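The sequence and the structure are shown first.

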Amino acid sequence: MNSVPQWEADDDQSAAPTSTTLAEDDDLEVRSWTIEASDASEADVDYDGDQQDLADRHSLRRVIGLRTELEDVTEVEYRQLRLERVVLASVWTTGTQADADNAMAELRLLAETAGSEVLEAVVQRRQHADPATYIGRGKVAELAGLVAELGADTIICDGELSPAQLRNLEDRTNVKVIDRTSLILDIFAQHARSAEGKAQVELAQLQYLKQRLRGWGGNLSRQAGGRAAGGAGIGGRGPGETKLETDRRRINTRISQLRAKLRTLDATRETKRANRHRNQVPSVAIVGYTNAGKSSILNRLTGAGVLVENALFATLDPTTRRTQTADSRDYTLTDTVGFVRHLPHDLVEAFRSTLEESAQADLLLHVIDGSDPDPLGQLQAVRTVLEQIDAAQIPELIVFNKTDLADPAALTTLRTQYPDAVFVSARTGAGINELRQRVEAALPTPQVELTALVPYERGDLVDRVHRHGQLLTSEYTETGTLLRARVHEDLADELAPFRQQD
Ligand SMILES: Nc1nc2c(ncn2[C@@H]2O[C@H](COP(=O)(O)OP(=O)(O)OP(=O)(O)O)[C@@H](O)[C@H]2O)c(=O)[nH]1
Ligand SMILES: [Mg+2]
């Protein structure tokens with residue numbers, strides 16, 4: 001391995017990679033990180049807005065150390081056990097060494113965001129993933145040896161594995177194997193806060209898991225019937241029913257419950273959105289790759305105090321803040337879930353209603369981390385998801401963030417490629433004023449232009465013109481306020497009795 005992995009240059013990372021070649025034939029690369037115990041949250045204190053306490057998030061950490069008690073947990077619980085000591089594995093099929101390094105760096109960041117300690121990363125160059133075991137069959141034994149030697153309890157594979165690949169790898173390595181999709185689902189499960197977010201993630205997890213229930217094969221195999229009699233069984237489990245059947249039944253019941261719950265929650269959200277729509281308050285959705293700095297920008301623009309964290313998917317529940325333009329028109333800004341390459345399909349589905357906030361926006365602020373090694377890859381990944389949620393036709397303002405961190409030469413190139421983009425640093429505040437002006441200029445303007453003489457006792461109407469319309473001129477006369485403004489049709493109707501000849 002001769003290229004420099006991304007994390008080597010990053011001060012925030014305490015682990016430095018070294019690499020060893022495990023295989024004689026040199027197609028399996030092993031990277032080790034020396035993991036130093038360091039308190040990342042202390043090392044990376046950011047004050048882009050009020051910082052929320054992470055304690056409640058960390059309190060969500062699940063039970064650990066159940067590995068020895070596998071027999072007593074259901075597969076659903078087993079799948080959701082926290083990952084602690086992991087080995088990453090990826091099959092590298094296309095692209096450059098730098099692409100492979102970026103992809104592995106991202107997988108590592110995802111794993112750490114999920115709370116794991118990454119011990120090693122193994123990359124194999126191959127034409128295709130092996131249909132039976134993901135990495136090449138010949139390499140599985142080496143991987144198993146590595147896992148045993150390091151005392152790892154989980155292997156995380158980049159990509160989405162078929163049920164057969166998962167099962168085969170688990171059987172041959174004797175540890176839990178998860179793929180990138182379930183890793184992302186796990187992160188979402190840890191981070192979701194609202195009732196709706198939680199329900200959506202759980203639903204996505206169960207749907208994903210349902211396809212992959214393997215039952216306890218080999219040394220994990222168990223028949224529950226006999227044990228149930230011993231008092232360890234779960235009520236309602238029929239004699240001789242396997243854990244697999246129990247799990248399936250439980251999953252199906254839970255899925256129906258969640259669907260019902262989501263239908264109720266969705267109705268509430270719909271009402272809220274309809275209200276905003278009726279008031280014709282323009283809405284701006286901040287979208288972008290995870291960790292690009294969306295929440296930091298929302299905080300900068302509105303002082304919202306949204307959680308900012310150097311972790312992937314810090315934000316899962318959309319936050320909407322109302323703010324005003326310089327000429328005091330109201331508009332809303334919504335912070336959204338970060339996007340990621342190969343966002344699991346189940347998740348796009350599950351988050352459709354959350355993402356619909358973006359799909360119904362008048363303007364998208366598309367935030368990109370200008371300091372990322374591959375900003376245009378981020379841009380593309382986000383656009384793919386935007387297309388999936390039918391938001392591709394919404395006007396988009398591209399914002400390159402983290403200009404304080406980015407390489408100046410790279411920024412110059414981006415400026416040439418994207419002359420209309422805004423370049424900001426949410427950290428230093430550079431460019432934020434320009435961003436605010438550009439947002440205001442891009443907001444839809446009300447359709448009706450009129451002149452009206454509003455009597456002083458109808459100050460409420462003047463107030464609404466200020467907030468929901470665009471006041472062009474106003475003048476106090478003896479009989480009332482003489483104003484020229486652009487307003488929406490509803491408001492124009494209400495102003496009709498006071499209209500003057502233009
Ligand atoms: N140096 C620098 N760091 C920034 C800047 N903007 C944001 N960050 C940092 O980048 C990290 C991610 O910022 P967030 O605002 O949480 O990013 P996000 O896009 O909301 O991320 P998710 O919600 O996880 O998708 C945090 O550590 C921020 O402090 C910037 O302009 N410069
Ligand atoms: Mg965020």
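Asparagine 174 is partly exposed, because 14 other C-beta atoms lie within 10 Å, whereas a residue counts as buried at 20 or more. The model described here is predicted.

**Two residues with positive phi**

Asparagine 174 belongs to the loop between H6 and strand S6 (176–179). Although asparagine 174 is not a glycine, its phi is positive, at about 65°. Lysine 402 also is a residue other than glycine with a positive phi, near 65°. Its place is the loop between strand S11 (396–401) and helix H15 (408–417). Lysine 402 counts as buried, because it has 24 C-beta neighbours inside 10 Å. The table sets out the two residues.

| Residue | Phi | C-beta atoms within 10 Å |
|---|---|---|
| Asparagine 174 | about 65° | 14 other C-beta atoms |
| Lysine 402 | near 65° | 24 C-beta neighbours |

**A pair of packed helices**

Two packed helices are described by the angle between their axes and the distance between the axes. Helix H6 (residues 163–173) packs with helix H5 (residues 137–150) at an angle of about 55°, and their axes are 9 Å apart. H5 is therefore oblique to H6. The crossing of the two helices, H5 and H6, is right-handed. On the H5 side the contact involves Val140, Leu143, Ala144 and Val147, which meet Leu169, Arg172 and Thr173 of H6. Sorted by class, the residues in the contact of H5 with H6 are five nonpolar, one polar and one charged.

**An open sheet and the helix on it**

Strands of a sheet pair through backbone hydrogen bonds, either parallel or antiparallel. In this model, three strands form an open sheet in the order S13-S15-S14, and their pairing is antiparallel. The edges are taken by strand S13 (448–454) and strand S14 (470–476); each has a single partner strand, so one side of each is left without a neighbour in the sheet. From one strand to the next, the twist averages 15°.

S13 and strand S15 (residues 481–487) run antiparallel and are joined by seven bridges. Threonine 481 in S15 stands opposite valine 454. Helix H17 (residues 459–468) packs on this sheet and touches S13, S14 and S15. The direction of H17 makes about 35° with that of S15.

Key:
Residues are numbered from 1 along each chain as its sequence is written. Chains are lettered from A and ligands numbered from 1 in the order in which they are written. This is a predicted model: local features need pLDDT of at least 70, side-chain atom pairs count only at pLDDT 80 or more; totals for chains, interfaces and linings use all residues. Axes are lines fitted to C-alpha atoms, for helices over the stretch in contact, and angles run from 0 to 180 degrees between N-to-C directions. Helices (H or I, at least four residues) and strands (E, at least two) are DSSP runs, numbered from the N terminus. Angles under 35 degrees count as roughly parallel, over 145 as roughly antiparallel, 65 to 115 as roughly perpendicular and the rest as oblique. A crossing is left-handed if the near helix is turned anticlockwise from the far one by less than a right angle, and right-handed if clockwise. Two residues are in contact if their C-beta atoms, placed from the backbone, lie within 7 Å. Ala, Val, Leu, Ile, Met, Phe, Trp, Tyr, Cys and Pro count as nonpolar, Asp, Glu, Lys and Arg as charged, and the others, Gly among them, as polar. A residue is buried if 20 or more other C-beta atoms lie within 10 Å of its own, exposed if 12 or fewer, and partly exposed in between; C-beta atoms are placed from the backbone. Two strands pair if DSSP finds at least two bridges between them.
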